[in-house]
Amino acid sequence: MVVEFERVFQAAHRLSGHEGKCSRIHGHNYRIRAMIEVDRLGSDGFAIEFERVKEIVDRFDHRLILSDHDPLILSFADGSLPGSFPGDWIVEVPADPTTEYLARWFAETLAKAVVAENDQARSVAVKVELRETDSIMATHLVQAQGRGE
Ligand SMILES: [Zn+2]
């Protein structure tokens, strides 16, 4: 069984280790397409509930995604930048939030969620396509062992 979910979210980010214009804060209308394959549905009849997928994707919606080693994080935290904003506006990730990084994060996080929520599946595969712009998209595939007997 394969189920597919698509969702759009808006987020800002910057690549602190990048020399070009991507080092400046800017935004994207991200489009995520997740294909989830399980050999068996959970006892609730779902591969995984769409609400769970939405929660995972929406962690980034209308937020600023920064790497946790971005010097901007410290500036925001100590209030040294004028107009600092609440910490929950920022999502910190352990690396520069490239399309590639985010696609992998979504695939790994969704795979863990399917394994946690689907009590019957023995095998789980999650493929994520994350489109950042019309010309840039990253795809990542994760395969995991489920909890089913
Ligand atoms: Zn960008």
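**Note on the fold: sheet, helices and core**

1. Helix α1 lies across β1 and β2, running at about 20° to β1. Lying across rests on contacts, that is, C-beta atoms, placed from the backbone, within 7 Å of each other. Axes are lines fitted to C-alpha atoms, for helices over the stretch in contact, and angles run from 0 to 180 degrees between N-to-C directions. Helices (H or I, at least four residues) and strands (E, at least two) are DSSP runs, numbered from the N terminus.

2. Some ground rules. This is a predicted model: local features need pLDDT of at least 70, side-chain atom pairs count only at pLDDT 80 or more, and totals for chains, interfaces and linings use all residues. Numbering starts from 1 along each chain as its sequence is written.

3. The protein chain has three helices and six strands. From the N terminus, the order is β-β-α-β-α-β-α-β-β. Its C-alpha atoms fill a box of roughly 55 × 30 × 20 Å along the principal axes. Of the contacts with a separation of 6 or more, 71% join residues 24 or more positions apart.

4. The six strands form an open sheet, ordered β4-β3-β1-β2-β5-β6, with mixed pairing. Strands β4 (90-93) and β6 (137-145) stand at the edges with a single partner strand each, so one side of each has no neighbour in the sheet. On average, neighbouring strands are turned by 35° against each other, direction ignored. Two strands pair if DSSP finds at least two bridges between them.

5. Look at β1 (residues 2-13), which pairs with β3 in the parallel sense over three bridges. Here Arg63 is the bridge partner of Ala11, and Leu64 that of Ala12. With β2, β1 pairs in the antiparallel sense over 12 bridges. Glu4 stands opposite Met35 of β2.

6. Helix α3 lies across β2, β4, β5 and β6, and runs at about 150° to β5.

7. The largest nonpolar core has 26 residues. Such a core is a set of buried Ala, Val, Leu, Ile, Met, Phe, Trp, Tyr and Cys residues joined through C-beta atoms within 7 Å. Ala34, Ile36, Phe106, Leu110, Val114, Val126 and Val128 have the most contacts inside it. β2 (26-38), α1 (50-58), β3 (63-67), α3 (99-117) and β5 (123-131) each supply at least two residues. The largest share, nine residues, comes from α3. Beyond four places in sequence, Ala34 is in contact with Glu4, Phe5, Val53, Phe106, Leu110, Val126 and Val128.

8. Buried residues make up 25% of the 149 in the protein chain. Buried means 20 or more other C-beta atoms, placed from the backbone, within 10 Å of the residue's own; exposed means 12 or fewer; partly exposed is in between.

9. Ser67 sits in strand β3. It counts as buried because it has 21 C-beta neighbours inside 10 Å. Asp96 is 29 residues away in sequence, yet the two C-alpha atoms are 4.8 Å apart. Leaving aside neighbours within four places, Ser67 is in contact with Ser16, Val93, Pro94, Ala95, Asp96 and Pro97.

10. Check His62, in the loop between α1 and β3. Its phi is near 55°, a positive value in a residue other than glycine. Most residues other than glycine have a negative phi. His62 is exposed because 11 other C-beta atoms lie within 10 Å.

Key. Contact = placed C-beta atoms within 7 Å.
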